[in-house]
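Hi everyone, thanks for coming. I'd like to walk you through one structure today, so please have a look at it on the screen before I start.

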Amino acid sequence: MDDFTASSTALVTCRMRAVHGRLDAAPIIDDPWGDTLVPVEVLRVLLEKMAPERLAIAGELSDAEIAAAADRFVRDFGPYGNVILRTRFNEDALAAAVARGVRQYVIIGAGFDSFILRQPGWAADLAIIELDHPASQALKRQRLEECGIAVPANAHFTPADLGKTSVREALSNSVFNPAEPAFFAWLGVTMYLTREQNLGTLRSVAEVSAPGSEIVFSYMHQAVFDSAGAGVERYDELESGVRAVGEPLVSGFDPATLEDDLASVGLQLLEGCTDADLERRYDADGVNKLQGFEISLIARAGPAGAP
Ligand SMILES: C[S@@+](CC[C@H](N)C(=O)[O-])C[C@H]1O[C@@H](n2cnc3c(N)ncnc32)[C@H](O)[C@@H]1O
């Protein structure tokens, strides 16, 4: 991402979650905010850049037709199932952490994540800190304001370009207390950063992780980058779509060496899942046809040495 342009992929994933609630048979998450936060004029621009063929229909499209075309596009787009499954996995892990007594939730690369707006009762005592690229965070705050949506008192915003500022440094300017355990979510971000930035971010998370802390993060299989996506269904569409909005795919992790990578930065792997694992867990009968992405994975980790 450049210094000034907000993330478009964050708008796409936000809309995906709303589409899931409206169009899938038995939704596993309830997040309608993409219908409010991503307006039709934004959907039109996203389509023009990411899937212009969806607009190549004779005659002027109405707003309703644009919205319907965009909804079909995001539902067909490779990472759709992954976005839904990872959201559910993450928030289940968050709920378990809160039940254990964790009271800080840090959303790294939050984008248009709407947790602050749909907090369940168990989140009442949480301090929620959204850490994101300054341009993306500014756009989200602007959009919240335009929509007249009040930011809850327990939500805090901390801008940081992870290529320039560490998580520790960014959090030092917030209400975050490194002496207390925290839950970190880092979803749909690692693929846009270099391996050095990813390891640096994980190291920084480890540095501010009191015992009892956890991080959930999603990643793409490094083999995809090594083979330029050869043989991976729906990869070309993903790669060209995100590149078209200035967010090229950059790096991944190899699940076979993830444990060592995490150990090298002071973390230990607690759980690792593929999309197929998550589909079996959350959509066993396949009624939602989520079709997880074979190259998408998710990991849950905690500070090294914790029981
Ligand atoms: C695909 S969006 C994911 C948003 C959200 N986590 C979700 O799952 O919907 C990618 C996010 O990564 C953030 N991001 C990308 N590069 C970044 C950087 N260098 N520093 C901070 N955030 C970055 C973008 O601002 C954006 O919010």
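This is a predicted model: local features need pLDDT of at least 70, side-chain atom pairs count only at pLDDT 80 or more; totals for chains, interfaces and linings use all residues.

Why pick Q291? Its phi is positive, about 45°, although Q291 is not a glycine. As a reminder, most residues other than glycine have a negative phi. Q291 has 18 C-beta neighbours inside 10 Å, so it counts as partly exposed. K289 is found in that loop between α12 (275-282) and β7 (296-303) too. K289 also has a positive phi, about 50° here, and is not a glycine either. Is K289 buried or exposed? It has 12 C-beta neighbours inside 10 Å and therefore counts as exposed.

Now let's step back to the whole chain. The domain assignment gives us domain 1, residues 9-76, and domain 2, residues 80-303. Taken over C-alpha atoms, the centres of domain 1 and domain 2 are 22 Å apart. Their contact takes 22 residues from domain 1 and 23 residues from domain 2. On the domain 1 side, at least two residues each come from α1, α2 (34-37), α3 (40-50) and α4. Which of these helices gives the largest share? That would be α1, with 8 residues. By class, this side of domain 1 has 13 nonpolar, 4 polar and 5 charged residues.

One partner is α4, residues 63-76. The axes of α1 and α4 come within 9 Å and cross at roughly 100°, and the two helices are therefore roughly perpendicular to each other. From α1, the residues V12, R15, M16, V19 and L23 meet A70, D71, V74 and R75 in α4. That contact is made up of 6 nonpolar and 3 charged residues, with no polar ones.

The other partner is α5, residues 80-99. Here α1 and α5 pack at an angle of about 80°, with their axes 9 Å apart, which makes α1 roughly perpendicular to α5. Who meets whom? T13, M16, R17 and H20 in α1 meet Y80, V83, I84 and T87 in α5. This contact holds 4 nonpolar, 3 polar and 1 charged residues.

That brings us to the ligand. Where does the ligand lie relative to the domains? Domain 1 and domain 2 both give residues to the shell around the ligand, so the ligand lies between them. There are 20 residues around the ligand, and T13, G109, G111, S136 and G188 come nearest. The shell as a whole divides into 8 nonpolar, 9 polar and 3 charged residues.

One last stop, at L117, in the loop between β1 (104-108) and β2 (127-132). L117 has 17 C-beta neighbours inside 10 Å, so it counts as partly exposed. If we leave aside neighbours within four places in sequence, L117 is in contact with W33 and I149.

That's my tour, and I'm happy to go back to any part of it.

Notes
Residues are numbered from 1 along each chain as its sequence is written. A residue is near a molecule or strand if its C-beta atom, placed from the backbone, lies within 6 Å of it. Ala, Val, Leu, Ile, Met, Phe, Trp, Tyr, Cys and Pro count as nonpolar, Asp, Glu, Lys and Arg as charged, and the others, Gly among them, as polar. Domain bounds come from an automatic or database domain assignment. Axes are lines fitted to C-alpha atoms, for helices over the stretch in contact, and angles run from 0 to 180 degrees between N-to-C directions. Helices (H or I, at least four residues) and strands (E, at least two) are DSSP runs, numbered from the N terminus. Angles under 35 degrees count as roughly parallel, over 145 as roughly antiparallel, 65 to 115 as roughly perpendicular and the rest as oblique. Two residues are in contact if their C-beta atoms, placed from the backbone, lie within 7 Å. A residue is buried if 20 or more other C-beta atoms lie within 10 Å of its own, exposed if 12 or fewer, and partly exposed in between; C-beta atoms are placed from the backbone.
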